[in-house]
Amino acid sequence: MRIIVVGAGLSGLTAAWELSKSGHEVTALEARDRVGGRTWSQRLGNGQVTERGGEYIFPTEFPIRRLSAELGVPIMSHNVRYGRRTVNGRVISFEELGATGDRVRETLARMIADGARNVSLEAAFAEALGADYRLDPVYRRTTTSAAADPNLVSAEAVLLHESATEGGYVEDGGRFVGGNQSLSIEIARRLGDRVRLEHPIARIDQSATGVQVELRDGTRLDADAAVLSVPLPVLRDLELGFELPEAQQRALDHRFMGVAAKLGVPFSRVDDDIALQNPDHTWWSWRSLSVDGEHRIPALSCFAGGPAALGALGVTDGPEGWVRALREMRPELAIDGDPLLTTWADDPWARGSYSAPSLDWHADDATAFERSAGRVAIAGEHTGLAQSLSGAVASGYRAVAALEREFAAGSGSAGSGAGA
């Protein structure tokens, strides 16, 4: 079959790669002048690679580890205390981390059993930990990663369903040796001219016999099926000539785009703390292990999640406010070169960092995209529970499986999933 994949981020490229291995004629259309989407690696002035987008690969994130092993793109450890960051000079123990997580989840489960609905992340922590809950390092880490106002984020989705909280905590987050964009680059290299850059689309439609994709320049491409893999805000603005299945539309309506920023800082001197969380706002900084496996790289990586943190750091005005705050938190820091600031809300092909579950989120949303919308399958981190590099890869696999299920059923009709 001829299949068009819209989007050459990690989810779209995963789908394109899997489809090409099955013998399909694949064309991947990417709006940007590069592949990788929100996975974007660049070098600082001192030569160190910094990640402008997705950063961590966790031990139990098997979809991305499977793909990296297949393609020979090696993973190494950050060797950073991701879940046990220093807050106010203190690092919690594994026992404290587990006990706090259990307490919050048990409290939330009891609230839901007692009839509470639409419980926010903020409300769950406040109920579980009491008046000083915002000082708790687990609260601070969780809300930093949410990249959204915790009053608007579903506690049920984050604490009871998302994969990062399942199976306990293993302190060994990883990264690709050549930068996290290297996996996307390797897939694109293997696909060759089947990946077309600077090809933004305006509309996608389908009929009983095929899919029609219209580019912004007016060009029309026809295919037998498509995978639609663009960020949530772009998907919402895209002109669809067909209705999504009710369950998929509802799942999309139950998510919103979070905001985050990254700052890469080259330095000649810094303190020894490898994972330091700001005690007042939802941002932190860390130092990754070098590829030599012994030393730390001479660069800090910083992540800020949510509108309050980004406002406090003044990221819309440039990196200066964040650099000042970083110097206050790390007085020994001597910067050696220009810091590299990345914000995603102003990126026209992302318009935010990654999605968050709203208070209306429902467990059924997690399975809504296991079926295609007729001849079109939807991929992207917003279609699953993991808003991560591996979540993107998993969504690409899921989209391919959805198309295979659609055509194996012998329907092949444009409306087979719509409105169901």
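## Glutamine 248 in helix α9

In this predicted model, glutamine 248 belongs to helix α9, which covers residues 246–253. Its relative accessibility is 2%, and because buried means under 20%, glutamine 248 counts as buried.

The side chain of glutamine 248 makes two polar contacts with backbone oxygens: that of arginine 371 at 2.8 Å and that of alanine 368 at 3.3 Å. Leaving out residues up to four places away in sequence, glutamine 248 touches Ala368, Phe369, Arg371, Ser372, Ala373 and Ile378.

## The parallel sheet

Five strands make up an open sheet with parallel pairing, arranged in the order β7-β2-β1-β11-β21. At its edges lie β7 (195–196) and β21 (376–378), each of which pairs on one side only.

Within this sheet, β1 (residues 2–6) and β2 (residues 25–29) are joined by 5 bridges in the parallel sense. Isoleucine 4 is placed opposite threonine 27 of β2.

## The mixed sheet

A further open sheet contains 4 strands in the order β10-β9-β8-β12, and its pairing is mixed. The edge positions are taken by β10 (220–223) and β12 (239–240), each pairing on one side only.

Strands β8 (residues 201–206) and β9 (residues 211–215) run antiparallel and are connected by 5 bridges. Arginine 203 has glutamate 214, in β9, as its bridge partner.

In soluble globular proteins, nonpolar side chains tend to be buried together. The largest nonpolar core in this model comprises 35 residues, and Ile64, Leu67, Leu183, Val195 and Val227 have the most contacts inside it. At least two core residues come from each of β1, α1 (10–21), β2, α2 (62–71), α7 (182–191), β11 (225–228) and α12. Helix α12 gives the most, with 8 residues.

Another core, of 27 residues, lies apart from the largest one and includes Ile4, Val6, Val230 and Leu232.

## Helix α12

Helix α12 is formed by the 20 residues 389–408. At 1.5 Å a residue, the helix should span 28 Å, and the 29 Å between its end C-alpha atoms agrees with this.

Of the 20 residues of α12, 14 are buried, so the helix is largely enclosed by the rest of the structure.

Technical notes. Residues are numbered from 1 along each chain as its sequence is written. This is a predicted model: local features need pLDDT of at least 70, side-chain atom pairs count only at pLDDT 80 or more; totals for chains, interfaces and linings use all residues. Side-chain values use heavy atoms; hydrogens and water are left out. Two strands pair if DSSP finds at least two bridges between them. The expected span of a helix is 1.5 Å times one less than its number of residues. Buried means under 20% relative accessible area, exposed over 50%, partly exposed in between (1.4 Å probe, protein chains only). A nonpolar core is a set of buried Ala, Val, Leu, Ile, Met, Phe, Trp, Tyr and Cys residues joined through side-chain atoms within 4.5 Å. A polar contact is a pair of N or O atoms within 3.5 Å; within protein, one must be able to donate a hydrogen and the other to accept it, and residues adjacent in sequence count only if both atoms are side-chain atoms. Contact means heavy atoms within 4.5 Å.
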